[in-house]
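Welcome to this short tour. Please open the structure in your viewer and keep the selection tool at hand.

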Amino acid sequence: MTFPYYDRLDQRQQAIYRASDAVTRIEVNDAAALATGVHALETALASEARAGVQAAAQALADGLLDRLGVAQVGVKVLAVRPSRGWGELHGLYEREPGQRALISVWMRTARNKRVVAFRTFLRTFLHEICHHLDYEHLRLVDSYHTEGFFKRESSLVRQLIGAPARVARTQIQPAEPDPRLSARRAAEALAQCRRVLGRDPPAPERDDR
Ligand SMILES: [Zn+2]
């Protein structure tokens, strides 16, 4: 099954989409050895100290990508999620020619400014890692949200913390825009979402804590 935006892609893009859709798992050698790093990230998030969360997330990314033998990525952890009419931005993956790719993950909800649940944070982090792996591990020339992509994301979650819990979904909650996010960056993020989804981002998952 393909997502509806598949029909709007050109032939070259459809070939990339099908290649992405065909891979449903990322195999991490000795994933259990990353448990300490996962625990460190959970502890850092519970402490609510942004710099500590960023350091733990960077270390986990380093360990994971090292195991997969692919280029490293920079990880930036930011405070309150940017939000607009379409909802909240959870994470972002950016790559520029000749530069180290960069993952940004936000640790507080736009609405209540609360620290997000650990599993939600980890899934967002691994989602952005999956975009990186599309280029660096699967050698795809673009990164699309396909069923295969989401299965790869789930396979990483399972290997790092076990079976996924049921996540409640809720409507987009309107929230005040975050003035700390530049308009340019928000526009880029939205454009990226539209490019890969073929539409505006879906309602975010609720942080049930
Ligand atoms: Zn994505």
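Helices (H or I, at least four residues) and strands (E, at least two) are DSSP runs, numbered from the N terminus. Read from that end, the elements of the protein follow the order α-α-α-β-β-β-β-β-α-α-α, which comes to 6 helices and 5 strands.

Two notes before you select anything. This is a predicted model, where local features need pLDDT of at least 70, side-chain atom pairs count only at pLDDT 80 or more, and totals for chains, interfaces and linings use all residues. Residues are numbered from 1 along each chain as its sequence is written.

**The whole protein**

Start with everything shown. Of the 209 residues in the protein, 32% are buried (20 or more other C-beta atoms within 10 Å of a residue's own, with C-beta atoms placed from the backbone). Contacts are pairs of residues whose C-beta atoms, placed from the backbone, lie within 7 Å. Among contacts between residues at least 6 apart in sequence, 71% join residues at least 24 apart.

**First stop: H2 and H3**

Now select residues 35-47, helix H2, and residues 50-68, helix H3. Their axes (lines fitted to C-alpha atoms over the stretch in contact, with angles from 0 to 180 degrees between N-to-C directions) are 8 Å apart, at an angle of about 165°. H2 is therefore roughly antiparallel to H3, the word used for angles over 145 degrees. Which residues of H2 and H3 make the contact? From H2, highlight Gly37, Val38, Ala40, Leu41, Ala44, Leu45 and Ser47; from H3, highlight Gly52, Val53, Ala56, Ala57, Ala59, Leu60 and Gly63. These divide into 10 nonpolar, 4 polar and no charged (Ala, Val, Leu, Ile, Met, Phe, Trp, Tyr, Cys and Pro count as nonpolar, Asp, Glu, Lys and Arg as charged, and the others, Gly among them, as polar).

**Second stop: H4**

Next, select residues 118-136, which form helix H4. Its 19 residues reach 26 Å from first C-alpha to last, close to the 27 Å expected (1.5 Å times one less than the number of residues). Is H4 largely enclosed or open? Because 14 of its 19 residues are buried, H4 is largely enclosed by the rest of the structure.

**Last stop: H4 with H5**

On the H4 side, look for Leu122, Arg123, Leu126, His127, Ile129 and Cys130, which meet Phe149, Arg152, Glu153, Leu156, Val157, Leu160 and Ile161 in H5. This contact has 9 nonpolar, 1 polar and 3 charged residues.

How values were computed. Parallel < 35°, antiparallel > 145°, perpendicular 65-115°, else oblique. Contact = placed C-beta atoms within 7 Å. Buried ≥ 20, exposed ≤ 12 C-beta atoms within 10 Å, placed from the backbone.
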